[in-house]
Each structure stands twice: as C-alpha cells, then as structure tokens.
Amino acid sequence: RYVHVASHPRLASEVNRGGTPCYQSPFRFVEFGVGMSGREVAAVTMAAVMLAGCGGSPVVSMPSLRITVDSTQVPTARGSYCWNSGGHGECADMASIEALIQAGRLTPIRVRPDAEATLSLDRQPESIELSAGPEEAHLDAVTLSGSTFRTGGKPGTLDYLLTARWKEGDVSWVFVVSVQAS
C-alpha cells in the first residue's frame with residue numbers, strides 16, 4: 001500500500017522528512033496501492049487533494065529562460081524542477097521531453113546549420129547542462145561557450161534539454177529546433 005506523489009529525488013526526501021511540499025504542475029499524479037480499504041482510499045484521496053490544491057500558498061518565483069537563434073526567440077517549456085525560496089518550495093517531474101513538447105505545443109524553430117544560439121537566464125546559475133538529440137533516448141552534451149552554443153550541423157529536428165542549478169534548486173526546460181539544409 002502506498003501513495004506515489006512524485007519520483008523527483010529532492011521531493012521524495014522532502015516528503016520523507018515530513019515536509020509539506022506544494023504541487024502546482026501538470027505532472028502531479030497519485031497512485032493507489034492494490035488492496036486498499038475504502039477508508040484508506042478516502043484518507044489518501046483527502047491527502048492528495050490537500051497536497052495538490054496548496055490553498056493560498058504563495059507562488060514560488062523561479063528563474064526564466066530566453067533562447068534566441070539569429071534574432072528569433074525560441075519557445076521553451078519548463079520541465080522538471082525543485083525550487084525553494086522565501087520559506088516555500090515546489091517540485092514537479094516531467095513525464096518525458098516529447099510529452100512536454102506536446103503539452104507546451106512547442107513547434108520547431110527553423111534554423112540554418114550550425115547557427116549561433118544564445119541563452120539568457122534572469123538569474124546567474126551555479127551550473128548549466130545542455131543536451132540535444134533527435135529523440136530523448138539519444139541526447140548528447142552540447143558545448144556552451146559562455147551563454148552561446150551552436151545548433152546541429154545536419155538537417156533534422158533536435159530536442160534540447162537544459163538544466164540549470166542554483167542554491168535554491170534546479171529547473172529544466174525543453175525547446176526544439178529544426179536544422180534546415182543549407
């Protein structure tokens with residue numbers, strides 16, 4: 001018998017410490033264990049509703065990301081995150097890059113081969129990781145030079161995953177580009 005609120009490591013540790021994290025995300029879910037009594041299902045449902053609703057909790061202000069390629073802004077969607085500031089925290093897991101692309105209705109921005117892209121975060125992170133590939137199972141690290149990187153050189157669609165870390169937590173985003181033949 002169990003309630004699975006999320007699988008994010010930081011969230012799991014927060015729940016295990018008896019914390020009361022707040023979930024405001026399309027990724028929240030609850031699973032009920034097999035063989036639960038009606039009373040247990042009711043108790044779990046009530047707990048899930050209280051956790052999911054968050055009442056009047058203040059909104060946690062997370063960093064924002066802007067990506068531009070050749071002066072064109074690339075739409076992004078926030079993915080998994082765990083953020084704690086001002087005494088309030090939130091965590092959420094994304095199901096998959098593809099699911100997030102679909103949920104965010106992200107369409108690939110057409111770019112030339114090896115175009116220079118610039119990322120801009122409204123807060124300086126401690127670290128940034130960027131990876132890209134034709135599908136989630138085949139993402140490779142992308143080299144960042146300061147706040148710039150080069151898009152792929154071969155024609156095709158590339159899914160990007162960017163994860164940035166601060167002392168308050170970590171946030172990931174996804175975006176998509178379509179490298180055109182030259």
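The legends below describe close-up views of a predicted model.

**View A. The disulfide between Cys82 and Cys91.** The structure holds 1 disulfide, and in this predicted model it is formed by Cys82 and Cys91, whose sulfur atoms are 1.9 Å apart. A disulfide is a covalent bond between the sulfur atoms of two cysteines. Cys82 is buried, and Cys91 is buried as well.

**View B. The hairpin of strands S3 and S4.** Strand S3, which covers residues 77–85, pairs with strand S4, residues 88–92, in the antiparallel sense, and the pairing runs over 5 bridges. Within this pairing, Asn84 stands opposite Gly89, a residue of S4. The hairpin has 2 residues between the strands, and in it Gly86 takes a positive phi near 60°.

**View C. The largest nonpolar core.** This core has 29 residues, and those with the most contacts inside it are Phe149, Tyr160 and Trp173. At least two residues of the core come from each of the strands S1 (65–69), S3, S5 (109–111), S6 (116–121), S7 (127–133), S10 (156–166) and S11 (169–179). Apart from this core lies another one, of 9 residues, which include Met94, Leu100, Ile101 and Leu106. In soluble globular proteins, nonpolar side chains tend to be buried together.

**View D. The surroundings of Tyr160.** When residues up to four places away in sequence are not counted, Tyr160 touches Leu130, Ser131, Ala132, Val142, Phe149, Arg150, Thr151, Gly152, Trp173, Val174, Phe175 and Val177. Among these residues are Phe149 and Trp173, which are listed together with Tyr160 as the residues with the most contacts inside the largest nonpolar core.

Technical notes: Residues are numbered from 1 along each chain as its sequence is written. This is a predicted model: local features need pLDDT of at least 70, side-chain atom pairs count only at pLDDT 80 or more; totals for chains, interfaces and linings use all residues. Side-chain values use heavy atoms; hydrogens and water are left out. A disulfide is a pair of cysteine sulfur atoms within 2.5 Å. Buried means under 20% relative accessible area, exposed over 50%, partly exposed in between (1.4 Å probe, protein chains only). Two strands pair if DSSP finds at least two bridges between them. Helices (H or I, at least four residues) and strands (E, at least two) are DSSP runs, numbered from the N terminus. A nonpolar core is a set of buried Ala, Val, Leu, Ile, Met, Phe, Trp, Tyr and Cys residues joined through side-chain atoms within 4.5 Å. Contact means heavy atoms within 4.5 Å.
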